[in-house]
Structure formats: C-alpha cells, structure tokens
Amino acid sequence: METMIREDIQALKRIQANLASCILGKTDEIVLLMTAMLAGGHVLLEDVPGTGKTVLIKALAKSIRGQFRRIQCNPDLLPTDITGVSIYHPKDEVFIFRPGPIMTHILLADEINRATTKTQSALLEAMEERHVTVDGETYELPKPFLLLATQNPIDFEGTYILPEAQLDRFMMKFSLGYPDADTETKMILAQSVVHPLEELEPVADSEQILAIQKQVKQVHLDEAVAAYLVAVTRLTREHGSIYLGASPRATLALVQASKALALIQERDYVIPDDIKFLVPYVLGHRILLTAEARMEGATVQSVLQSVVQQVKVPVRWEK
C-alpha cells in the first residue's frame, strides 16, 4: 500500500499545483475541494460573485481530464433540464433518452438557491444514489461524479432556501473569500497577458481519481480516533446552544473526509488534527443554533469551536 500511496501522492501534488496556479492564496480551500473529491462528497460554495469559484472548478475538471458541465439555476429551470428527457421518435416508434448536463464528471450548479425547490429536489437522487431516473428508467452517472453548487449569501431576492435534507447531502460548505492585497496584485499581474486556466494541462485522469478514491477507503481509522470523532458529532446533539445537531450522515461524511485529508497529507492513517480541521466545513452547515444563542451573538463557528474544545483528544492510538 505504501508504494501505491506514493504514486497517488505525486498525482495529488500535481493537481494541487495546477489549482494553486489558477487560484492564488487559497491553499486550505484547494485542499478542501480535493478532499471532497477523493471522499466522494459534494461541495456547497457560498460566496459573493467574482471570487474565482467557477475558475477553481474548471481548473479541477481540466486537471483530471474530466467532463465539465455548468447549470445556471433560474426559477424557470425544470428538473428535466438537469436530468434529461426521453423524446419519442415517430419513425422508429421508440423513446430515446437525451441526457441532461448532470451526465458529467464535474457539475457546477451556479446559484442553486435560485432554482425552485422542485428543481433542487431533482439533484437529491443524483447526489446520494449517483444515478437519475427518467420515465421509470434508471441511468448511472459517470464516475467519478462531483457536484459543486454555489449560492450568493448577499442577494436573497428571488431565491429559495435550500432544505435541510439537501444541505445534509453536501459533504462540505466553505467560501473562498476575498484575496489579500499582495495576492490580488499578483493575480492581476499574472492574468494581464493570459489567464492561467488557458495554459493549464491535465495531470491525471478520471480512472486515476477512481483508484485514489479506493485508496482513501483503505486509510486506517483507529478505534480511539473513531471514538473521538463520534464524541464530537454526538456533542453537537447535546450542546445547549445547538437546536439541531449533526446527523449520522454527518458522522460518516467526517470519517470519509478525514481519511481523504490524511491521504493528501501523505499518511495512511487518520489523526485527531484531521478531524479538528474539517469539523467547521463538514458540520457547520448541518447544525442550527437555538434562538437564545443567536441573540447572545453566538455563531456556528464559535459554537463548533467550543464543541471541539470540550471533547478530550486521545493521547494514544495505533497508526
């Protein structure tokens, strides 16, 4: 396994370097995106326009030679505009399935909260089951499949709040944020002649990503570390400031994400620091604070930090 991990690590380093050349100064966010991809999860990017979300996603697709599709979510978008539709051909007297944009490796659902709840629900089956059903027929999605959805946290006019069931199906939620002054200066100088995305070369392929995803499942999770992880998620259900705690699905998502992060950091075992790093991004969008906590100025991030601090870290585990 060590030889296979070394080969995987080299591929991951090349992908990471590709993404870093397109999005400057966002090391943690790039690691999070790669972690979600290797763990087989989906990502919700909540950020203001123009921070590089689409560029980052396109760079990832190009780096792994993956098919990339983009959906601009609007109120008039229909579920069949995403999944595809069966069209009747009178000459042959048969229905032929015309696949929608979801039949791809990497799908960008831009401004997902502008789509109606009925259209949003069309994504649920694909996110969880990795297939779509049209007219009673089931069609498998390409592998790997990664959904990245964006939403604008500022403009709420004409938007539909994502239901909790759909939020829970996103492995992670994070934002890119504005770059600092030095990074923004480097960005405009680098892009004044040519955009880095135009010169980006593939450094892996979808089959290699699938192989690495299998390696992620083999990453060791010691019983003591597993108990620590479960203690963190369970405390969110008992914390006085939290109205709705993390679900068992959140626990499983944190396990898979921790394994993927360990592999990215060249380890074949999970450590508590992996879990601590991922907690805000994996659990943050899955919990709801009580009204009293919000009135006292508490935030999801501050409460989760309190949760992590209350759980005792195991001092000994087997690698």
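Modeller: What follows covers the ground rules, then salt bridges, then a serine.

Biologist: What are the ground rules?

Modeller: This is a predicted model, in which local features need pLDDT of at least 70 and side-chain atom pairs count only at pLDDT 80 or more, while totals for chains, interfaces and linings use all residues. Residues are numbered from 1 along each chain as its sequence is written, and side-chain values use heavy atoms, with hydrogens and water left out.

Biologist: How many salt bridges does the structure hold?

Modeller: Nine. A salt bridge here is a side-chain nitrogen of Lys or Arg within 4 Å of a carboxyl oxygen of Asp or Glu.

Biologist: What does Arg70 form a salt bridge with?

Modeller: Its partner is Asp110, with the closest N and O atoms 2.7 Å apart. Arg70 lies in strand E2 (residues 68-72) and Asp110 in strand E5 (residues 106-110), so the pair ties together parts that are 40 residues apart in sequence. Strands (E, at least two residues) and helices (H or I, at least four) are DSSP runs, numbered from the N terminus.

Biologist: Is Asp110 buried or exposed?

Modeller: Asp110 counts as buried, at 11% relative accessibility. Arg70 is partly exposed, at 41%. Buried means under 20% relative accessible area, exposed over 50%, and partly exposed in between (1.4 Å probe, protein chains only).

Biologist: And which residue does Glu111 pair with?

Modeller: Glu111 forms a salt bridge with Arg114, the closest N and O atoms being 3.4 Å apart. Glu111 is partly exposed at 22%, whereas Arg114 is buried at 15%.

Biologist: Which residues are linked in a network?

Modeller: Salt bridges link Glu128, Asp168, Arg169, Arg249 and Arg286 in a network.

Biologist: Switching to the serine. Where is Ser258?

Modeller: Ser258 sits in helix H10, which spans residues 248-264. Ser258 is buried, with a relative accessible area of 1%.

Biologist: What does the side chain of Ser258 reach?

Modeller: The backbone oxygen of Leu254, at 2.7 Å.

Biologist: Which residues does Ser258 touch, leaving out those up to four places away in sequence?

Modeller: Leu229, Val270, Asp274, Ile275 and Leu278. Contact means heavy atoms within 4.5 Å.

Biologist: Asp274, then. What is its salt-bridge partner?

Modeller: Arg267, with the closest N and O atoms 2.8 Å apart. Asp274 is buried at 2% relative accessible area, and Arg267 counts as buried at 12%.

Conventions
Polar contact = N/O pair within 3.5 Å; in protein donor to acceptor, adjacent residues only side chain to side chain.
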